[in-house]
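Here is a short report for a first look at this structure. Keep the sequence and the 3D view at hand as you read.

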Amino acid sequence: MNNSIATKIKGFLPILDWLPNYKKSDLQGDLSAGLTVGIMLIPQGMAYAMLAGLEPIHGLYAVTVPLLLYAIFGTSRQLAVGPVAMVSLLTAAGIASLNADSPEQYLLYALSLAFLVGLIQFAMGVLRLGFVVNFLSHPVISGFTSAAAIIIGLSQIKHLFRINLPNSEHIQEMVVAIAQNIGDIHWLTFGIGVIGIIIIKYGKKIHKSFPAPLVAVIVGIALVSGFDLTAQGVKIVGDVPSGLPTLSSPSFDMGVWNTLLPIALTISLVGFAESFAVAKTIQAKHKNYKLDANQELIGLGMANFGAAFFKGYPVTGGFSRTAVNNDSGARTALASIFSAVLIVLTLLFFTGLFYNLPSAILAAVVLVAVSGLIDYKEPIHLWHRDKSDFAMLMATFIITLTLGIETGIIAGMVLSLIVVIYRASKPHMARLGRVPGTNIFRNVTRFKDLEERDELLMVRIDGPIYFANVAYIKSNMDQWIADKKDRVNMIVFNMESVTNIDSTGAHELNEWILSWRKAGIDVCMTSIKGPVRDVLNRWGILECVGADHIFLDDNSAVSAYDKDIDLELLNKYSPYATQTN
């Protein structure tokens, strides 16, 4: 009982699972990653807050308490939670319809939106609705991840080249803008960025634990400070506002909630899908812990509650920061705690240290990190092994590139669902024949020289019989009867692979049996599983078929047909005719 309670507590507070077993060898990687991501979060948080229509300081507030709460409640050990471009844009769009009269009122709406997002995600987690991520198949995740990595990489070009580019998540717009402004490259900024890329890319070859991104940050600051490069046009982070967040409260006005609810639901679902997609991608590289979709929802919900009560705005798992976190050596969620501590200390004491940090160095950190997430091997592999999955991967990839990250996620989920429905609507069906000299029956299209008789049609359906596939099953049956030139007088349904029958399937099956018998074709069933037998019983199908037409296996059915005996003798061959479990 105590073990059960302890397991449940650890399930709700994953930090109790990994923290007591923390390895000293993980500390260096976590510390390096935490500091690197923390440094990234300072300019990113400020920029994303401005994108959301808020003062820059609120972006930094959104990566203090929310980051700590996710580290306590989340199951991913590398996911970096905080403001992201997509959620920032959605926040601005959602609050715009409320026509705030002042910055204070606008902030109140942002806090309310964060609270609603937290409430929706927390409720989904408690209600075990994390299964929605099951519609993100591996090809979808691969296509989305590669496309999102390209989009995020291109978004850093403006910092690497120091050229003016519009904020966009559409590759066509980004490429055109880059082509139009490529002549305005600031070569000194570009040179610093290249130095950063080289350090980050090849620094780990010196030693596995070498904190390459952190070294690149230090080198960038040293170059700007030592050679006064700001005077020559190198863009730096500049002043970082100081001060810790104080307690705040969202609005509980139902009118505000009703207005914000659609955008809150969108942020909740899209943010979770994006967050879980990148978390799953990173977890697959480590495989030393498990992700729990429901607990992830709770973790993200708690993080958004933290944003709502500490002057932040909606947060989710950041794609680029998670990549940087992992690439910098993060092994546990302690890296996120280090990031939060660094930001808190920076807000209090050290804002001046990052004044001369070149934006090109941050761009280099992101570019190297996301370049490793572009998976070119998977589409090649799928092209040779599974064309339908290849098509799904490429569709998700192209949609994400051209229509944006959030659209790509939703499209990927829809595509996965469509593929599931399509495949379920066309279950595998086999026409069976006897292996010569045996009592074994196999698929006539896969085995040669099987004995198949014109007057017997033996069919196996591999899957459920339900509303989406009854038309396909009936069409195949009609075609096989026609192929035998209407000489069939007995249909044997092998039910060993039928897993379920819904009301539509039961109704149609009953109609088929009555129709075939009216046409002079008898029907019997074999190898029915217990749960399926229960369904057939409830709908009266067994009664319709007849207890004397239910058999344990195909050979019993064929033997009974061959002997052509009366009901009393047939029952001897069906000892399980009345079994219901």
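## Surface and overall shape

The accessible surface of the chain is about 26,100 Å², and carbon and sulfur atoms account for 61% of that area. The model is predicted. Of the chain's 581 residues, 53% count as buried.

The chain has 26 helices and 8 strands. Its radius of gyration is 31 Å, well over the 25 Å that the globule rule gives for 581 residues, so the chain is more spread out than a compact globule. Along the principal axes, the C-alpha atoms fill a box of roughly 100 × 50 × 50 Å. Among contacts with a separation of 6 or more, 80% join residues 24 or more positions apart.

Nonpolar side chains tend to be buried together in soluble globular proteins. Here, the largest nonpolar core holds 121 residues. The members that touch the most others are Ile 39, Leu 54, Val 81, Leu 260, Tyr 313, Phe 319 and Leu 357. Helix α13, residues 254-286, supplies the largest share of this core, with 14 residues.

Which residues does Ile 39 contact, leaving aside its neighbours within four places in sequence? They are Leu 214, Val 217, Leu 342, Phe 354, Leu 357 and Leu 362.

## An enclosed helix

Helix α5 spans residues 65-73. Of its 9 residues, 7 are buried, so the helix is largely enclosed by the rest of the structure. The buried ones are Val 65, Pro 66, Leu 67, Leu 69, Tyr 70, Ala 71 and Phe 73.

## A buried lysine

Lys 484 sits in the loop between α21 (470-483) and β6 (490-494). Is Lys 484 buried or exposed? Its relative accessible area is 5%, so Lys 484 counts as buried. Leaving aside neighbours within four places in sequence, Lys 484 contacts Glu 452, Arg 453, Asp 454, Leu 456 and Leu 457.

A disulfide is a covalent bond between the sulfur atoms of two cysteines. How many disulfides are there? The count is 0. Cys 524 is in no disulfide, and the nearest cysteine sulfur, that of Cys 544, is 13 Å away. For Cys 544, the closest cysteine sulfur is in Cys 524, and 13 Å is too far for a bond.

Both residues are buried. Cys 524 has a relative accessibility of 2%. Cys 544 has a relative accessible area of 17%.

How values were computed: Residues are numbered from 1 along each chain as its sequence is written. This is a predicted model: local features need pLDDT of at least 70, side-chain atom pairs count only at pLDDT 80 or more; totals for chains, interfaces and linings use all residues. Side-chain values use heavy atoms; hydrogens and water are left out. A nonpolar core is a set of buried Ala, Val, Leu, Ile, Met, Phe, Trp, Tyr and Cys residues joined through side-chain atoms within 4.5 Å. Buried means under 20% relative accessible area, exposed over 50%, partly exposed in between (1.4 Å probe, protein chains only). Helices (H or I, at least four residues) and strands (E, at least two) are DSSP runs, numbered from the N terminus. Contact means heavy atoms within 4.5 Å. A disulfide is a pair of cysteine sulfur atoms within 2.5 Å. The radius of gyration is taken over C-alpha atoms; the globule rule is 2.2 Å times the number of residues to the power 0.38. Accessible areas come from the Shrake-Rupley method with a 1.4 Å probe; for residues, only the protein chains shown count as cover.
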